[in-house]
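Here is a friendly walk through one protein chain, for reading with the model open beside you.

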Amino acid sequence: MSGCACRDRTRRCPSDLTDEHSQVLEPQARAVMAELRKSPAGAPMKHDLRAMVDAIGYLTRYGIERRALPVDFPLWEAVYAFFERWSERGLPQRLADRLRGRIRIACGRAELPTAAVINAQTARGADTVAADGAGYDAGKKTKGRKRNIATDCLGLLLMVTVTSGGVQDRDSAHRLPALLREHFSTITLVWADGGYAGRLVTWAKAVLCLTLTVVKRTDDIKGFVVPPRRWVVERTFGRLTRRPTRELSGDPPPARWGQPGQPSSTTA
């Protein structure tokens with residue numbers, strides 16, 4: 001849409017990309033956009049790419065209806081169509097994979113992981129969660145949903161599945177190693193806690209050719225002890241549950257609603 005107002009949008013929302021984040025994300029986003037344009041359904045993008053990504057971030061963070069998207073973002077129909085085309089082709093996952101690969105290489109690792117760490121965490125469910133999607137986790141004494149995650153040795157997310165909180169770890173975890181084997185053929189070793197012991201270890205070895213190593217706590221040690229390998233995934237859970245703030249990374253706090261900000265100059 002020629003002359004779309006999103007090209008002159010002022011960044012003011014806490015969910016907006018910072019300039020530093022945009023510099024890292026934009027080349028990767030443009031690469032997957034080039035893949036999209038090669039398909040018969042692909043068409044040149046008419047909106048500002050950074051504003052479009054900010055719009056998706058706004059919807060994801062605040063969970064609003066698409067029709068309630070603020071007017072300084074691209075039209076909600078365009079945002080929905082943009083994300084739908086990406087999702088149908090698996091481009092968001094490929095974008096995440098490319099960024100993860102860049103981080104691993106910068107840390108002196110191979111681009112693709114050869115080992116993973118898995119764990120589960122039960123999150124308290126809201127009243128709006130359907131009864132068949134929530135359950136009671138007796139171990140954590142929490143009713144809600146259980147998120148099972150797999151990370152690499154740096155704590156970077158590889159895979160996420162969500163189940164009812166009432167499903168035991170060893171029962172809900174079968175799908176997670178299967179997805180790891182499907183998407184990461186290079187992974188041969190997986191670390192987990194005692195909740196995954198038992199038939200899952202044998203099944204992973206026989207069916208998936210994965211060595212599942214259970215890292216148990218030492219009962220005769222008192223106080224806080226960092227468990228080998230498992231601390232990586234625990235740290236990732238901590239980062240997922242805390243409220244991220246730009247002050248933690250030294251960035252200035254975002255402008256309050258209605259205050260002037262830096263105009264976006266990235267166009268597509």
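Aspartate 48 is buried, with a relative accessible area of 0%; here buried means under 20% relative accessible area, exposed over 50%, and partly exposed in between, using a 1.4 Å probe and protein chains only. This residue sits in the loop between α1 (19-37) and α2. Helices (H or I, at least four residues) and strands (E, at least two) are DSSP runs, numbered from the N terminus.

What does aspartate 48 do at the N-terminal end of α2? Aspartate 48 caps that end, with a side-chain oxygen 3.3 Å from the backbone nitrogen of arginine 50. A polar contact is a pair of N or O atoms within 3.5 Å; within protein, one must be able to donate a hydrogen and the other to accept it, and residues adjacent in sequence count only if both atoms are side-chain atoms.

## About the model

This is a predicted model, in which local features need pLDDT of at least 70 and side-chain atom pairs count only at pLDDT 80 or more, while totals for chains, interfaces and linings use all residues. Residues are numbered from 1 along each chain as its sequence is written, and side-chain values use heavy atoms, with hydrogens and water left out.

## The chain as a whole

You will find eight helices and six strands in the chain. Along the sequence they follow the pattern α-α-α-α-β-β-β-β-α-α-β-α-β-α. Of the 268 residues, 37% count as buried. Taking contacts (heavy atoms within 4.5 Å) between residues at least 6 apart in sequence, 63% join residues at least 24 apart.

After α2 comes glycine 63, with a positive phi near 60 degrees.

Helix α2 (residues 49-62) packs against helix α3 (residues 76-88) at an angle of about 90 degrees, with the axes 10 Å apart. Axes are lines fitted to C-alpha atoms, for helices over the stretch in contact, and angles run from 0 to 180 degrees between N-to-C directions. The two helices are therefore roughly perpendicular to each other. On the α2 side, Leu49, Met52, Ala55, Ile56 and Leu59 meet Ala78, Val79, Phe82 and Phe83 in α3. By class, this contact has nine nonpolar, no polar and no charged residues.

## From α3 to α4

Helix α3 also packs with helix α4 (residues 91-106), at an angle of about 75 degrees and with axes 5 Å apart. That makes α3 roughly perpendicular to α4. Phe83, Trp86 and Ser87 of α3 make the contact with Leu91, Pro92 and Leu95 of α4.

Is tryptophan 191 buried or exposed? Tryptophan 191, found in strand β5 (residues 189-192), is buried, with a relative accessible area of 11%. Leaving aside neighbours within four places in sequence, its contacts include Ile118, Cys153, Val215 and Arg229. The C-alpha atoms of tryptophan 191 and valine 215 are 6.7 Å apart, although 24 residues separate the two along the chain.

Cysteine 209, in the loop between α7 (199-208) and β6 (211-214), is exposed, with a relative accessible area of 56%. Its phi is positive, near 60 degrees, in a residue other than glycine.

How values were computed
Parallel < 35°, antiparallel > 145°, perpendicular 65-115°, else oblique. Nonpolar A, V, L, I, M, F, W, Y, C, P; charged D, E, K, R; others polar.
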